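Dear colleague,

I am passing on the structure we spoke about, and my notes on what was found in it follow below. Please read them with the coordinates open beside you.

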Amino acid sequence: MAPETHYLMVSLVLFLVGCVGVLARRNLLVVLMGIELMLNAANLAFAAFSRSRLLVDGEIVVFFVIAVAAAEAAVGLAIVVALYRKKETVNLDRFNVLHQ
């Protein structure tokens with residue numbers, strides 16, 4: 001069994017990659033993937049803490065986060081498809097309808 005710090009380091013790397021994907025990219029699909037990476041990083045940290053302390057609370061939270069992530073992916077992809085049909089692009093700079 002790997003020590004808890006290894007899981008947390010992988011979780012940190014996943015979260016940072018997801019955060020960079022959300023903040024630095026202008027493609028809507030990449031932003032959604034970045035959000036999914038950040039949620040999975042949080043899941044890994046919850047599972048690591050839960051396993052090291054022999055509790056099931058973290059694993060229960062992981063199931064809720066997976067359910068929320070699945071709903072977010074379904075709604076997010078539906079919004080992306082609707083926006084692509086309207087503007088024919090997934091570039092976030094083109095979606096400035098709130099400025100008008």
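The largest nonpolar core consists of 5 residues, namely Leu28, Leu32, Val80, Val90 and Phe95. Please bear in mind that this is a predicted model. Once neighbours within four places in sequence are set aside, Val80 is in contact with Leu28, Leu29, Leu32 and Val90.

At the N-terminal end, H2 is capped by Asn27, with a side-chain oxygen 3.0 Å from the backbone nitrogen of Leu29, while after H2 comes Leu54, whose phi is positive, near 55 degrees. The buried residues of H2 include Leu28, Leu32, Gly34, Met38, Asn43 and Ser50, and what covers the buried residues of this helix includes helix H1 (4–24) and helix H3 (57–87).

Gly58, Val62, Val65, Ala69, Gly76 and Val80 are the buried residues of H3, and they pack against H2. Just after H3, a positive phi of about 60 degrees is found at Glu88.

With best regards

Terms used: Residues numbered from 1 in each chain as written. Predicted model: local features only at pLDDT ≥ 70, side-chain atom pairs only at ≥ 80, totals over all residues. Heavy atoms only, no water. Core = buried A, V, L, I, M, F, W, Y, C linked by side-chain atoms within 4.5 Å. Buried < 20%, exposed > 50% of the residue type's maximum accessible area, 1.4 Å probe, protein only. Contact = heavy atoms within 4.5 Å. Helix = DSSP H or I, 4+ residues; strand = E, 2+ residues; numbered from the N terminus. Polar contact = N/O pair within 3.5 Å; in protein donor to acceptor, adjacent residues only side chain to side chain.
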